[in-house]
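Here is a short briefing for a reader new to this structure. Please look over the sequence and the model, then take the points below by topic.

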Amino acid sequence: MEIDALKPAVMLASVVYAVIGVVVLWLAFVVIDKLTPYQLWEEIVEKKNLALALVVAAMFIAIGLIVAAAIHG
């Protein structure tokens, strides 16, 4: 009995797709950060804007679902 998920080609593909997903998520954050009139990271980290942090978290979840659906098929 052989497990397909443990094959090197499958594991490499999983790593490649994970890296692509993270890069797309990061690029989406950078683009949205440039489109807003203020710096998102500064607002969240330095000014502790919890409402903005929740909006950005929801954006990450939505973009993650889109990327996962695009990769899956």
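Met 11 is partly exposed, with a relative accessibility of 45%. Met 11 lies in helix 1. The model is a predicted one.

**Met 11**
- Leaving out residues up to four places away in sequence, Met 11 touches Ala 5 and Leu 6.
- Met 11 and Leu 40 are 29 residues apart along the chain, and their C-alpha atoms are separated by 34 Å.

- A nonpolar patch on the surface is formed by Leu 12, Val 16, Tyr 17, Ile 20, Val 24 and Ile 71.
- Together these residues have about 490 Å² of accessible area.
- Helix 1 gives the most to this patch, with 5 residues.
- Val 24, one of the patch residues, is found in helix 1.
- The relative accessible area of Val 24 is 35%, so this residue counts as partly exposed.
- Patch residues need over 30% relative accessible area, and Val 24 has 35%.
- Val 30 also has its place in helix 1.
- Val 30 is partly exposed, at 27% relative accessibility.
- The C-alpha atoms of Val 30 and Ile 44 are separated by 14 Å, and the two residues are 14 residues apart along the chain.

**Annotated spans**
- An unreviewed UniProt entry carries the annotation "transmembrane region" for residues 12-32 and 52-71.
- In the model, residues 12-32 are 100% helix and 0% strand.
- The end C-alpha atoms of residues 12-32 lie 30 Å apart.
- Residues 52-71 are likewise 100% helix and 0% strand.
- For residues 52-71, the end C-alpha atoms are 28 Å apart.

**Asp 33: buried, without a salt bridge**
- Asp 33 is found in helix 1, which covers residues 8-35.
- Asp 33 is buried yet has no salt bridge.
- Which side chain of opposite charge is nearest to Asp 33? That side chain is Lys 34, 5.6 Å away.
- A salt bridge needs a nitrogen within 4 Å of a carboxyl oxygen, so Lys 34, at 5.6 Å, does not pair with Asp 33 in this way.
- Asp 33 touches Tyr 38, Gln 39 and Leu 40, not counting residues up to four places away in sequence.

**Glu 43 and the salt bridge**
- How many salt bridges does a search of the whole structure find? The search finds 1.
- The side chains of Glu 43 and Lys 47 meet in a salt bridge, at 3.2 Å from N to O.
- Glu 43 has its place in helix 2.
- Is Glu 43 buried or exposed? Glu 43 is buried, with a relative accessible area of 15%.
- Lys 47, its partner in the salt bridge, counts as exposed at 52% relative accessibility.
- Leaving aside neighbours within four places in sequence, Glu 43 is in contact with Tyr 38, Lys 48, Asn 49 and Leu 52.

**Lys 48 in the loop**
- Lys 48 is found in the loop between helix 2 (40-45) and helix 3 (50-72).
- Lys 48 has a positive phi of about 55° although this residue is not a glycine.
- Lys 48 counts as exposed, at 64% relative accessibility.
- Lys 48 is also one of the residues in contact with Glu 43.

Terms used: Residues numbered from 1 in each chain as written. Predicted model: local features only at pLDDT ≥ 70, side-chain atom pairs only at ≥ 80, totals over all residues. Heavy atoms only, no water. Helix = DSSP H or I, 4+ residues; strand = E, 2+ residues; numbered from the N terminus. Buried < 20%, exposed > 50% of the residue type's maximum accessible area, 1.4 Å probe, protein only. Lys, Arg positive; Asp, Glu negative; His and termini not counted. Contact = heavy atoms within 4.5 Å. Patch = residues over 30% accessible without salt bridge, like charges linked within 9 Å, V, L, I, M, F, W, Y side chains within 5 Å. Areas by Shrake-Rupley, 256 points an atom, 1.4 Å probe, with all protein chains shown as cover. UniProt positions renumbered as here; feature names shortened; annotations may be inferred.
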